[in-house]
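Please read these notes with the model open beside you.

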Amino acid sequence: MDDGVLLQMSRISKSFPGVRALDGASLTLKRGSVHALMGENGAGKSTLMKCLFGIYAMDEGEITLNGAPVSFKSSKEALEQGVAMVHQELNQALKRSVADNLWLGRYPTRWGVVNERKMQKDTKALFDDLGISTDPKAIMETLSVSKRQMVEIAKAVSYGAKVIVFDEPTSSLTEEEAEQLFRIIRRLRDDGCGIVYISHKMEEILRICDTVTVMRDGKTVATEDAKHLTTDAIIRLMVGRELTQRFPPKENTPAETVLTVRGLTGKHSILRDVSFDLRKGEILGVAGLDGSGRTEVLEALFGLSEKSAKALILEGRSIENKTPRQAIANGFALVTEERRATGIFGIRSITENTVISNLRNYLRGFWLSQGAMKRDTEQIISSLRVKTPSAATPIRALSGGNQQKVIFGRWLLTKPKILLLDEPTRGIDVGAKYEIYQIITDLAKQGRSVIMVSGEMPELLGICDRIMVLSGGRVAGFAERDATQEQIMTLAAKYV
Amino acid sequence: MKQKNKGALRERRREFFINNSLYLFLIAAIVAIVIYDPRFLSVPSLVNILSLSAANLPLALGIAGAIILSGTDLSAGRAVGLIACVSASLLQTSGYPNKMFPALQTLPLWAVILLALAMGGLIGLINGFCVAKFRLHPFIVTLATQLIIFGLLLMYLMIGSNNGQSISGLDASYTEFITGSVLRIGSTAIPNYVFYSVGITLLMWFVWNKTTFGKNMFAVGSNPEAARVSGVNVTGVTVGVFTLAGILYGVTGFIEAARIGSNSAATGLNYELDAIAACVIGGVSFVGGIGKIRGVILGVVLLRIIFVGLTFLSIDSNLQYVIKGLIILVACAIDMRKYLVRK
């Protein structure tokens, strides 16, 4: 009796003290299908997957694989039975080679000695089969994120995995790399694998998935054929209410030029001769492929990297911005791409995270005024609608969207003229994204200027006044608001 | 265009000088020492450097493992001290007036070797267990265990009528086994322990590079979480690395006792610091997951050349500490440059 069901998770429940994280969630994965699992952050997607891989013990429910009940104790055990996960945050030994990572935990040995030759040969065969062109001897650290991810996928395939869970696999890939990923996913599907695909990106879900399951508040609220769904329908299911618009109305009006950049060139980065003007109250988008120098523009402007420029003029005054301290003094602010790594101070309170860039203003003689810091933090929490039990809560306890609001708050307190935003909505769910867009638009409306880097073109087109497209470290051109994604892509490929 | 090339060339040359400054410094130092005293490059002097390096090498290889796990081991020196004193006390000549255990017959060497290795292994096992199971930083664990070991050593030296005196009068079979010689260069004998050290180094090269355990050690040092989700027994590897380190301290202790002949509570003092310095100079990085056997060898030998060289130059021994410290700082700074992403 083969009904094509590969993996069946039925009525899974899991409670943590005070929270019912999963409430009778179910998921049916069929052989040869790509199944999207969607939902806002906190809807229970990752908890469900953690129950599958035995990282959490579920309170109720049943999991069957090929009709037989299973309960994995660890991801290793799951892997051995053909259930693999490609993590959002890659877990790899970066100082070791590709082959070492691939076969970690199961090196082929002969008489206790690792058989290097077999390892290299097997790696080569596996890569050839998947169309991956990475040198097995390369050190992981030297590879791009997408290449590392390919290694992770190859690893899952090499275990003969039948069920592969992808957790936000394209969040750090360029379009081209994503295409390669989709090819491999389709290949796996055609080979009879079942793919669970977790992503926030509607466009790609609708492109490559056959079935979509949407989660909300720990329940699986709908499972539908992808053919019958639209982006709006999915958002409606996820949010549980009509979200009329993905982007707030444009209310900012760019005025006179405040920042003039001429011939910005990175000393150690690929930036070459980047020139542009930024107007007061303007939101300037920066688009381009991964490695085109998007992030590097912000880093150079903020003094994080060594650079040279023919001219760097802020409000008619020539500036240098050699270090972040100088940049901050000149009214610059940077919201970094890797929130957890370079944005938040995880174990410290929201108050400390909020005031950290502005401490000078709280000095009363030798002491910091606790009262003033508390007042400002409370004001940020209420004005940016940060959802938190208190200002003393460690910031790592908040969701990604709320952490991001705190970081925006941190910079707002410095009253910046120029805000540099690097992927400000990465890893943030749909509802919170809208709020972040609203904050950005409001800032521009107040006359602050924004430079926003993003790999998601719809969002750039949604909120920017103009988009500067980079290609190979150079400016390939500027796109206006009414440009199409295709036009931007063409520009992005100009100097590749 | 030509101007640009020239600039790039100058930049490359600068990089070369900075990255290899240690070797350049060493060459300069050797030249200076030889000019001052040509005997520095004589056979006895070179054999001296070689054998002093060989005596320290097993210990350094053990500590290198702990550093590759992005840890450290402060208990090494005291472990060597305890094992040296125990080995020495069990292998004193019968009839020696100050014998610690007067009734004790001369034990067979192999029995004491096994005991030394077992003691080292046990110390390492305890270190590794605390690090892996209680998730304590190795710095804390070994800071504590080195105190405990030192206490035990002091108590051991009070046994019987010994009353804390140093232990000497070692049996000829023991000293002959360690410091005797089967090979001479001219009239200079190469002590046997040099060969034991070479053997152990080869064995360790094999363990590091060719075995699953070795590869797992590097993987755990590079990213313990990745190793865990790949099914590597991280606890096992950690305990294993520290235990292996302990066994190597056992080797060092057994050799050291016979090499210096008279063992006291000061035996082994600060050995771990020299070994850690040697590892770092040799490119075993505190970042974790990085290190090569040849780096450790190079580090140990380099440091030894510097120490011996300073003595040759008859530099004040107090000043020698200052110079050693500076060398370690510079070496680490150069090492770190390689891992900084240039921006």
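**Notes on the model**

1. In chain A, 6 strands make an open sheet with mixed pairing, in the order β6-β9-β10-β3-β11-β12. Strands (E, at least two residues) and helices (H or I, at least four) are DSSP runs numbered from the N terminus, and two strands pair if DSSP finds at least two bridges between them. The edge strands, each pairing on one side only, are β6 (83–86) and β12 (219–225) of chain A.

2. This is a predicted model, in which local features need pLDDT of at least 70 and side-chain atom pairs count only at pLDDT 80 or more, while totals for chains, interfaces and linings use all residues. Residues are numbered from 1 along each chain as its sequence is written, chains are lettered from A and ligands numbered from 1 in the order in which they are written, and side-chain values use heavy atoms, leaving out hydrogens and water.

3. Strand β11 (residues 211–216) of chain A runs antiparallel to β12(A), joined to it by 6 bridges. Met215(A) is opposite Thr220(A) of β12(A).

4. How many residues of domain 1 of chain A are in contact with domain 2 of chain A? There are 15, and they meet 14 residues of domain 2 of chain A; contact means heavy atoms within 4.5 Å.

5. Across this interface of chain A, the rule finds 0 salt bridges (a side-chain nitrogen of Lys or Arg within 4 Å of a carboxyl oxygen of Asp or Glu). On the domain 1 side, α6(A) gives the most, with 3 residues.
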